[in-house]
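Please examine the sequence and the three-dimensional structure shown below before reading on.

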Amino acid sequence: MNSNPVGLIQAMPFGVFCSSGMIMPFACNDTWTAPRGWLLCDGSYVERQRYPQLFAVIGTKFGLTTATNFRLPTISDLATNIKYVVKY
């Protein structure tokens, strides 16, 4: 058994313990971009075929413009250095 669980978690690839549709806040600077496997919760429209697991979880709950896309949730924070991302 590992006596350092924090070290074990840090050694795992980012997102291992996260499911599609999970939303997390990230502290960041102005040039920050979402990590691989995550999309910014900015209300963007994305293609269903490109993110099928996420679409299976959230569907068109946040909107759609065509039969081939869906909208990401929009979450903002008053603090400019906090961004929210959703796992795809």
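## Basis of the description

The model is predicted; local features need pLDDT of at least 70, and side-chain atom pairs count only at pLDDT 80 or more, while totals for chains, interfaces and linings use all residues. Residues are numbered from 1 along each chain as its sequence is written, and side-chain values use heavy atoms, with hydrogens and water left out.

## The chain as a whole

The chain contains two helices and five strands. Here helices (H or I, at least four residues) and strands (E, at least two) are DSSP runs, numbered from the N terminus. Their order along the sequence is α-β-β-β-α-β-β.

Of the 88 residues, 26% count as buried, a term that means under 20% relative accessible area, with exposed meaning over 50% and partly exposed lying in between (1.4 Å probe, protein chains only). The chain exposes about 6200 Å², of which carbon and sulfur atoms supply 56%; accessible areas come from the Shrake-Rupley method with a 1.4 Å probe, and for residues only the protein chains shown count as cover. Among contacts (heavy atoms within 4.5 Å) between residues at least 6 apart in sequence, 61% join residues at least 24 apart.

## The open sheet

Three strands form an open sheet in the order β1-β5-β2, with antiparallel pairing. Strands β1 and β2 are the edges, each pairing on one side only. From one strand to the next, the twist averages 40 degrees; axes are lines fitted to C-alpha atoms, for helices over the stretch in contact, and angles run from 0 to 180 degrees between N-to-C directions. Two strands are said to pair if DSSP finds at least two bridges between them.

Strand β1 (residues 23–27) is joined to strand β5 (residues 82–87) by five bridges, and Met24 has Val85 as its bridge partner in β5. Strand β2 (residues 38–40) is joined to β5 by three bridges. In β5, Lys87 is the bridge partner of Trp38, and Val86 is that of Leu39.

## The nonpolar core

The largest nonpolar core has 10 residues: Leu39, Cys41, Val46, Tyr51, Leu54, Ile58, Phe70, Leu72, Tyr84 and Val86. Helix α2 (52–58) and strand β5 are the elements that give two or more residues to this core. Such a core is a set of buried Ala, Val, Leu, Ile, Met, Phe, Trp, Tyr and Cys residues joined through side-chain atoms within 4.5 Å. Not counting residues up to four places away in sequence, Ile58 touches Phe70, Arg71 and Pro73.

## The setting of Asn69

Asn69 lies in strand β4 (residues 69–71). With a relative accessible area of 7%, Asn69 is buried. Beyond four places in sequence, Asn69 touches Tyr45, Val46, Glu47, Arg48 and Leu64. The C-alpha atoms of Asn69 and Phe55, 14 residues apart along the chain, are separated by 8.9 Å.

The side chain of Asn69 makes a polar contact with the side chain of Thr65 at 2.6 Å, and also reaches the backbone nitrogen of Thr66 at 3.3 Å. A polar contact is a pair of N or O atoms within 3.5 Å; within protein, one must be able to donate a hydrogen and the other to accept it, and residues adjacent in sequence count only if both atoms are side-chain atoms.
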